[in-house]
Amino acid sequence: MSGDIMASLTVPQAFDQLLRGLELTEREQSEATRQSNALRDKLRASLAISHDFLSGCTAGGRQSDRSRIST
């Protein structure tokens, strides 16, 4: 954006324009979701986690066992 155009924008207008530029397109959102899921799958496969504290499942384990990673 040229300096002349930026000088004519108010702060709220410039902020709105900045936010619009940060939003992902539907295609970009889909690709980001695909890559995120692929990364999660790889991490789950490479890290054998005995209890997943994010799911709230402790399988009857004690509080201190919730985040233990099996080896």
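Visitor: Why does Arg-34 count as partly exposed?

Guide: This is a predicted model, and in it Arg-34 has a relative accessibility of 48%.

Visitor: What makes the contact of Arg-34 with Glu-31 a salt bridge?

Guide: The closest N and O atoms of Arg-34 and Glu-31 are 2.6 Å apart, and the cut-off asks for a side-chain nitrogen of Lys or Arg within 4 Å of a carboxyl oxygen of Asp or Glu, so the pair is called a salt bridge. Side chains of opposite charge can pair when their charged atoms come close. The structure holds one salt bridge, and its two residues, Arg-34 and Glu-31, both lie in helix 3 (residues 26–46), three residues apart, which is about one turn of the helix.

Visitor: Is Glu-31 buried, partly exposed or exposed?

Guide: Glu-31 has a relative accessible area of 32%, and since that value lies between the limits of 20% and 50%, Glu-31 is partly exposed.

Visitor: Why is Leu-22 called exposed?

Guide: The relative accessibility of Leu-22 is 59%, and exposed means over 50%, so Leu-22 counts as exposed. Leu-22 has its place in helix 2 (residues 11–22), and together with Phe-15, Leu-18 and Leu-19 it forms a nonpolar patch on the surface, with about 400 Å² of accessible area together.

Visitor: What share of the protein chain is made up of buried residues?

Guide: Of the 71 residues in the protein chain, 4% are buried. The protein chain, which has three helices and zero strands, exposes about 6400 Å², and carbon and sulfur atoms supply 56% of that area.

Note on methods: Residues numbered from 1 in each chain as written. Predicted model: local features only at pLDDT ≥ 70, side-chain atom pairs only at ≥ 80, totals over all residues. Heavy atoms only, no water. Patch = residues over 30% accessible without salt bridge, like charges linked within 9 Å, V, L, I, M, F, W, Y side chains within 5 Å. Areas by Shrake-Rupley, 256 points an atom, 1.4 Å probe, with all protein chains shown as cover. Helix = DSSP H or I, 4+ residues; strand = E, 2+ residues; numbered from the N terminus. Buried < 20%, exposed > 50% of the residue type's maximum accessible area, 1.4 Å probe, protein only.
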